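Keep the model open alongside the text.

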Amino acid sequence: MTVDRRNILKINVDFYVLFVLVFILSVLGIIMISSASTVIGERYFGDPYWYFRRQILWWVLSIAAMIIVSKINYQVYRRISIAAILVAIVLLALVLIPGIAEEIGGAKRWINLWFFNIQPSEIAKVALILFFADNLNRRYSRTLRAKDLFLPGFLVLLAITVLIFLEPDLGTAVVIWVLVFVVMYAGGVRLGHLIGITFIGGLITVGYMFLEDYRRERLFAFLNRSSELDAANFQVNQSLIALGSGNIVGLGLGNSVQKYSYLPEAHTDFIFAIIGEELGLIGTLTVILMFILFTFFGIRVCLRTREPFGRTLAAGLTAMISIPALINMGVVVGLLPVTGLTLPFISSGGSSLLISMVSVGVLLNISRQNMIVGEVSDEDQEDQ
């Protein structure tokens, strides 16, 4: 009886809650894509469920990958962190070569593999987290010298930032800098070094933002919402109309009006607005609550990890999901300028879903290893 009671108390809550949250969010994504993408699917492919069918295929692949990765000890990734960052840089460079990249809306962010596209910047996020987590714990933590932080970490970060700027994709570049900041903070980087890198990142971002007219327009339109109702603010205004139309309980699944070409990117960047329109305030608050819970339990995994590499990795992977989600929902409700970021697990996009779920698989394994370490410690105490 004593053994059974102890096993019940040792259920890995973090593992199962994170798994269930990701499962529910991704299934909700499939349901919402089946509604939000019908118009654009019919227009471009003559099939209203073209995006829906593709998302199901990617979901099956992604959920299988997440389960497999959750069983692989995360320590193996230390050995491939350098190879992973090199692959990410090569893929980001390939995007810039004519004939290889898939250009959508003037941006070259995808590599066309005929039967599907991959987005190298999504791979770069994971690769950077791995690289910095390994570099911090292998070099910087021993000396706490700026030189061991900047070389080679900062140079790699700059190279990836420049390649993403050339796509162009300001939103992803900003997210990558924030992710690196979180990883460095969790990795125990000194405050002075953190402030220095944040200052440099801020200067680069502001400078890049003012290089192109359309980025300046987005920023000025955000600061003065009533000045450009028909241009830069069009998407956000249509998004707010969708959210307002949904009221408390929504218009009902499949009954969105905004998806009929009023709201651009209804199945990707602005799918949260369609959730608000069809499922109402109840639906949007439920989604927000699930992302808050994901962040909470991700931080729990981080805080319970004694081993430095795993703790830093858990912080970065949790931020990799939480920060884009926060920015995406902030844009949809008009609190942030338009960035082009999608909503993790829910927006249409195969490679984004796959990378997100693989990342969660690594996070689940860190949680699983924490449980094993805890059990070993308990057994050691009993032996003593």
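Rings of Phe, Tyr and Trp, the last taken by its six-membered ring, pair if their centres lie within 6.5 Å. By that rule, ring pairs link Phe45, Trp50 and Tyr51 into a cluster. The model is predicted. Its aromatic pairs number eleven.

**Aromatic pairs**

- A pair of aromatic rings is described by the distance of the centres and the angle of the planes.
- Phe45 and Trp50 form a stacked pair, at 3.7 Å centre to centre and 10° between the planes.
- Phe45 has 40% relative accessibility, so it counts as partly exposed.
- Trp50 has 26% relative accessibility and therefore also counts as partly exposed.
- Tyr74 and Phe309 have ring centres 6.2 Å apart and planes at 20°, so this pair is stacked.
- Tyr74 sits in the loop between helix 4 (50-70) and helix 5, and Phe309 sits in helix 13 (residues 308-332), so their pair ties together parts that are 235 residues apart in sequence.
- Tyr74 and Phe309 are both buried.

**Helix 2 against helix 4**

- Helix 2 (residues 13-36) packs on helix 4 at an angle of about 170°, with the axes 9 Å apart.
- Angles over 145 degrees count as roughly antiparallel, so helix 2 is roughly antiparallel to helix 4.
- From helix 2, the residues that meet helix 4 are Phe15, Phe19, Val22, Phe23, Ser26, Val27, Ile30, Ile33 and Ser34.
- From helix 4, their partners are Tyr51, Phe52, Gln55, Ile56, Trp59, Ile63, Met66, Ile67 and Ser70.
- By class, the residues of this contact divide into 14 nonpolar, four polar and no charged.

**Helix 5 against helix 7**

- The axes of helix 5 (residues 81-94) and helix 7 (residues 146-165) come within 9 Å and cross at roughly 25°.
- Angles under 35 degrees count as roughly parallel, and helix 5 and helix 7 are therefore roughly parallel to each other.
- Their crossing is left-handed.
- Helix 5 makes the contact through Ile85, Ile89, Leu92 and Ala93, and helix 7 through Val156, Ile160, Leu163 and Ile164.
- Eight nonpolar residues make up this contact, with no polar and no charged residues.

**Helix 11 against helix 12**

- Helix 11 and helix 12 pack with their axes 7 Å apart, at an angle of about 35°.
- The crossing of helix 11 with helix 12 is right-handed.
- Ser239, Ala242, Leu243, Ser245 and Gly246 contribute from helix 11.
- Phe272, Ala273, Gly276, Glu277, Gly280 and Thr284 contribute from helix 12.
- The contact of helix 11 with helix 12 has four nonpolar, six polar and one charged residues.

- Most residues other than glycine have a negative phi, and most peptide bonds are trans.
- The peptide bond from Glu167 to Pro168 is cis, with omega near -5°.
- Pro168 lies in the loop between helix 7 and helix 8 (170-186).
- Asn247 has a positive phi, near 55°, and is not a glycine.
- Asn247 is in the loop between helix 11 and helix 12.
- With 52% relative accessibility, Asn247 counts as exposed.
- Glu265 also has a positive phi, about 55°, although it is not a glycine.

- Where is Glu265 placed? It lies in the loop between helix 11 (234-246) and helix 12 (271-304).
- Glu265 has 39% relative accessibility, so it counts as partly exposed.
- Leaving aside neighbours within four places in sequence, Glu265 is in contact with Gln235, Phe270 and Ile271.
- The C-alpha atoms of Glu265 and Ala36 are separated by 9.1 Å, and these residues are 229 residues apart along the chain.

Technical notes:
Residues numbered from 1 in each chain as written. Predicted model: local features only at pLDDT ≥ 70, side-chain atom pairs only at ≥ 80, totals over all residues. Heavy atoms only, no water. Axes fitted to C-alpha atoms, helices over the stretch in contact; angles between N-to-C directions. Helix = DSSP H or I, 4+ residues; strand = E, 2+ residues; numbered from the N terminus. Parallel < 35°, antiparallel > 145°, perpendicular 65-115°, else oblique. Left-handed = near helix turned anticlockwise from the far one by under 90°. Contact = heavy atoms within 4.5 Å. Nonpolar A, V, L, I, M, F, W, Y, C, P; charged D, E, K, R; others polar. Phe/Tyr/Trp six-rings, centres within 6.5 Å; stacked < 30°, edge-to-face > 60°. Buried < 20%, exposed > 50% of the residue type's maximum accessible area, 1.4 Å probe, protein only.
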